[in-house]
Amino acid sequence: MRSNSLFIFLVVLLTTISNRLYGQQNFNFSFDKPIGSPWFNIGDTTAFKSRINQNTYYSAKGALQIESIKKNKGFGGIMMWLPSNLKGDSIEVSAMIKRENITEGSYAAMMLRIDPKVFFDNMANRQIRGTKNWENIKLKTKLVPDQTEGISIAFFLSGEGKMWVDDVLITVDGKDITREMGIFVPFAKGISDPVSSGISDFNNTAEIDQRLVDLGRIWGFLKYKHPAVAQGKYDWDQQLFKSMNTVIMAKDNKSIESHYAALLDSLGTTANYAKPHVENVVHEVDYSWIDGLPFNDGLKDKLRRIRYSSFDQHHYFDFAKGAGNVLFKNEKKYENVYSADAGFRLLTLFRFWNMIEYFSPYKNLTDPKWDTVLKISVPEMILSRDDRSYGLSLLKMVSRVKDAHTGLWSIPKGLVGFYGKYRMPVEIRMIEGKAVVTKVFDSEKSGDKLRIGDVLITKEHKKVEEIRDSLWAYMSTPNEAVANRDLARKLVTSNSEIVRCELVRDGQQIKVDIAAIPSGQIKPASRDTVPFKMMDNNILYINHSLLRGKMITENMANWSKVKGVVIDDRNYPGDFLVFKLTPLLLTKPTDFVRFTSTSLQYPGTFVMSSPLQVGENANDCYQGKVAILVNEDTQSSAEYHVMAYQAAANVKVFGSQTAGADGNVSYIDLPGNQRTMLSGLGVYYPDQRETQRVGIKIDQIAKPSIKGVQEGRDEVLEKALDYLNK
């Protein structure tokens, strides 16, 4: 079905051209011709209309007109990349701009961008709004030709109103680039990545959504399974954009079927790979979706032939030596993507979804089910037509993996300040279901201060429960412990320097205004810097994050004489001690963990390993009792260390649910220079009990109480000491 508001612009691949004269007719700087190459639409084309107006102009025969056609908070306009670099001292872009009824909070913009990170200004800080006749607007900066990989300009309207652009002029050292010879030189590093996929915003339907779901599956399947793609001969992202264009514009499934048939033929014939016989399979990719495709059996048979392909090497993935977690390779970051268009948004989804589909050992633990995630995320990405909604869709996408490793470890353009640019100088933890102040940091700001033991009820007129509900969809929450941990971290942030809070203090409900400061200016509360110390009754306390392997060797003799040992693992290890500390606890090698992993030989099939052991054959080891402290901050390597120590019979674990995110992480690069991770190995106890989302086994539940916090007590440590002193 063809959408009335669908505009497809072919990607203009930038070529390196030196010493060539580009006439003004090539750039259409006077906007007297229809919008086309080298210009392309950016932003939400369903909320903004860009066209040549031949009745309203400054000079010549027309002007670019950009107007909002419905109420919105997004942006829309046009953009172009210069085909080559420019040599000289400085560049200036000027244009005549007229504006009409541009509302409060909206603005007209001209952008100059020189990549990578040489210069960027879109005039957002000038807030050009209201109504004004033709005005000359300029942007100027220094050129750095030996560092420049791309130069782009854009005109767009953010918000509501109307603007016109005419007589664009780009000069280098005062010379018009359309008239001067010898200004153009090659870019510093050749061809820049395209900033447009060629797919502008379009109105989706249930039929188009399903076509794109099928495309996402087929594209990812061929990317990771087809031998020809594995050789790296094809730009598989560009192939996606071509296929996307076809499936969106196709009149019927026959047209789409012909496209896929031609694509498979272009990749060449393959062997019919038989399903390998693999033992101890935990889970594998379900290929039954191929049967449900609305295509002929011949096409589906060609897909089925490569389900079980294997490789000696692959262009897009490999595995870490020793550990075995997946390493994603040769994924373009598209750092030059200013704002992700519809094609790049869907590329982001399809890339990420297929990485989880084929390489997550915990794909069966997502919420909702991973197949469903693709179906609900396709329309979300299509409709995320401004930077903020796209950023939120990215957060939702990664949060559905339900892996505390799989957060969005970069800040999308539209989410700068989403959680807050400022922070109240305190630490909050969720205790007994309440938001409780547990630490107060040093701050020179005046005003009321929160106190340890205060219970936060509202922040900025919103109840804690309301804040939790508003953030839930954007948080990677494998379990309740992590949900509470991450909520507490968000509660201290704000976009205001004065934060109105309502709280309970000493049994009284009060209101206070708390001074918040930029996060980078927070002075941490004083903390223990001693890696180990003796406590009363000859009990050794070890801060796991500060302990180093060398310390174990140097103090081994003295430690063997203590009555009991506390290992505080409510932190992240500063050293890898699994095989250094456990020999002190075990007299023989002992099973402590199993892994699940996949490989080049059967990508997507996860196999359970034999148990890995810790400990050594020895006649002596520590005979006293060992207590390990854990909580929601015990994550990943910290959880792995506790599992190793638990192999000893004299070790007991005290505390509350851990993060449930274990296994070596694998990094994922997404378009727009966004980054996330996944747990790349499955980690299980020797009896094959899961740790992901569940956390590690705890012998005695111990949690802080509000009363204990107010009294300055560490109740988890107290429980452990009671045990050790018996």
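Helix 8 (residues 370-383) packs against helix 9 (residues 387-399) at an angle of about 160 degrees, with the two axes 9 Å apart. That angle makes helix 8 roughly antiparallel to helix 9 (angles over 145 degrees count as roughly antiparallel, under 35 as roughly parallel, 65 to 115 as roughly perpendicular and the rest as oblique). Axes here are lines fitted to C-alpha atoms, for helices over the stretch in contact, and angles run from 0 to 180 degrees between N-to-C directions. Helices (H or I, at least four residues) and strands (E, at least two) are DSSP runs, numbered from the N terminus. On the helix 8 side, the contact (heavy atoms within 4.5 Å) is made by Glu380, Met381 and Leu383, while helix 9 brings in Ser389, Tyr390, Ser393, Leu394, Lys396 and Met397.

This is a predicted model, so to speak of local features takes a pLDDT of at least 70, side-chain atom pairs count only at pLDDT 80 or more, and totals for chains, interfaces and linings use all residues. Residues are numbered from 1 along each chain as its sequence is written, and side-chain values use heavy atoms, with hydrogens and water left out.

An open sheet is built from 3 strands in the order 22-17-25, with antiparallel pairing (two strands pair if DSSP finds at least two bridges between them). Strand 22 (493-494) and strand 25 (517-518) sit at the edges, each pairing on one side only. Strand 17 (residues 422-423) and strand 22 share 2 bridges, and arginine 423 has threonine 493 as its bridge partner in strand 22.

Strand 23 (residues 498-505) and strand 24 (residues 508-515) run antiparallel, joined by 8 bridges. The two form a hairpin with 2 residues between them, and aspartate 506 in the turn has a positive phi of about 55 degrees.
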